[in-house]
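Open the model in a viewer and follow the stops below in order. Each stop says what to select and what is there.

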Amino acid sequence: MIKIMPYGDHALLVQFSQEINVEIHRKVKALSELAGKLKGVQYYIPAYCSITIVFDPSLTSYSLLEKEIQEMDLKNDSEIIPGKHFRIPVCYEEEFGPDISEVAEFTRLSPKEIVEHHTSVSYHVFMIGFIPGFPYLGKLPNILSCKRKDHPRKEVAAGSVGLAGKQTGIYPAKAPGGWQLIGRTPVPLFQAKNKYPFLIQMGDLITFYSISGEEYHTIEKKFELGELKGKDFYA
Amino acid sequence: MPELQLKFMKAGMQTLVQDLGRSGHQQQGVPISGVLDRQSAKAANEIVGNSVDTPVIEITVIGPEIHFDQSCKIAITGANISPRLNNEPIANHRLQNVRAGSILSFGKMISGCRAYLAVAGKWNVNKWLGSASASTISPELLTPDSVITKGSTISITTNDQSIHSTTSIHQTVFTNIVRLRVIPGPEFEWFTKVAIARFFSTGHIISQAANRMGYQIKTSGMEHQKEMISSGIIPGTIQITPDGRAIVLLADAQTTGGYPRIANIIDDDLDKMAQMKPGGEVWFSLA
């Protein structure tokens, strides 16, 4: 069951059952893609278990959109389109993941065990937020759960893979940030020059695998030369 | 058609190229961006005969110094930062004819916080996702023309058409105290009746932490320990942090957040917020 409520005078909020799970999230994805195409919708923000929909009041109204979304929700179940599955290489060496020792201390695991756990599961992209193209991935194996850094970094390198609470994520561009950095991927999640600059979307699936520093530089070079593209990392 | 170069001899405090922003990419976490005071920016473009989505220069508190190498038509709206053309004071909200070789400068801050400079013609500036607005991340890569520094230049193709501008565009007067109408947000009920009564019955002071992402506002008695699952936030959303600060989100804010949303400012009133400075007083009332 969804709940629809006003969000200011030119937006509405669709709330699903307030919990983090893949089943609910699939409905968020399916409904947000349909609702995003409704007449008068300017933009929409899908999250874990909600969708924020902003509209132009000169083209539609709250009550009309509410009715349209309710009707869509009723026949939504069969239209769930699975996302893409990516296999993303990550170099977990200290040079690329400066917080891996701190995380090792906190979790009482060795860096090698951290890598084994982090690469042991596939992650669902629950939300894109914080900065353009930043994927919030879950769920992280409980054993890797750790708090954010007490003092956020002023600058985190693009491609950095971090941990925060029960989540893991990837910085698509350099930005300030407080996540614990355990590695870095040479695969650009964000390519400004592309017509469609974002590699990953909410609803996609990501599995990480470990690479050496040397492999990191090889892949980085191949992207620069145009010999590798994002789609080469589909599982 | 003549090519005009604006050359920035001084940058000012925060001088940016902005238009109406990049709506439609927020599902990818892209901030809307765009001018903060949309009514003033649109008025500036209307006065010079541009379409309202033409870029403008957004000038905050301390103005730049600009050299014009060709003649052109300009208008300044929004905050009154004592604009001067070749050292002679000029008025806001008027069409100004600028001769080749002129210098536009600014002085004392009289009212408001952000001024808008429109220049008649086609702006030849780099766009990202359909907008010339300065990007909040990697601006040097994505919107290299839009963050003005000393020595920056902007190229504009001017035209000689006569301008049929509306001469009587209403100029807003900005004060240091403002009342903003709001609609209760999804987490409104999370706060006690006492906290809500206080929120609406006193003025709140804007702190120094006020920028294009949002304004922090001091409140009292709003502390909470509620956690919510991150959800969408938009310009005008008012979040309450656990230590009880209110944050009014503006155009450069991120698209998702995890603090309870007590209310949303109605869209018509949000432009007024953009003209407030730290130390200014805000009153909220239910729309």
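Start with chain A and chain B together: they bury about 3000 Å² between them, 62% of it on carbon and sulfur atoms. Buried area here is the accessible area (1.4 Å probe) that two parts lose on being put together, summed over both. On the chain A side, select A:Y7, A:Y43 and A:P132, which lose the most area to chain B and together make up 21% of what that side buries.

This is a predicted model, in which local features need pLDDT of at least 70 and side-chain atom pairs count only at pLDDT 80 or more, while totals for chains, interfaces and linings use all residues. Residues are numbered from 1 along each chain as its sequence is written, chains are lettered from A and ligands numbered from 1 in the order in which they are written, and side-chain values use heavy atoms, with hydrogens and water left out.

Next, select the contact residues (heavy atoms within 4.5 Å). There are 39 residues from chain A and 34 residues from chain B. How many salt bridges are there between chain A and chain B? The count is one, where a salt bridge is a side-chain nitrogen of Lys or Arg within 4 Å of a carboxyl oxygen of Asp or Glu. Select A:K174 and B:E140 to see the side chains that form it, at 3.4 Å from N to O.

Nine residue pairs are in polar contact between chain A and chain B, both residues at pLDDT 80 or more. A polar contact is a pair of N or O atoms within 3.5 Å; within protein, one must be able to donate a hydrogen and the other to accept it, and residues adjacent in sequence count only if both atoms are side-chain atoms. Colour β2 (11–15), β3 (41–46), β4 (50–55) and β6 (122–128) of chain A, the elements that give two or more residues to the side touching chain B. Of the elements, β3(A) gives the most, with five residues. Helices (H or I, at least four residues) and strands (E, at least two) are DSSP runs, numbered from the N terminus.

Now select B:T237, in strand β17 (residues 237–240) of chain B. Its side chain makes a polar contact of 3.2 Å with the side chain of A:Y7, and another of 2.8 Å with the side chain of B:N264. B:T237 is buried, with a relative accessible area of 0%; buried means under 20%, exposed over 50%, partly exposed in between (1.4 Å probe, protein chains only).

The area buried between the two domains is about 870 Å², of which carbon and sulfur atoms give 68%. In domain 1, select A:H25, A:K29 and A:Y48, which lose the most area to domain 2 of chain A, together 57% of what that side buries.

Finish with the backbone. A cis peptide bond joins A:G138 and A:K139, with omega about -15°. A:K139 is in the loop between β7 (135–138) and β8 (153–156) of chain A. A:R108, not a glycine, has a positive phi near 55° and is exposed at 76% relative accessibility. B:H93 also is not a glycine and has a positive phi, about 60°, but B:H93 is buried at 11%.
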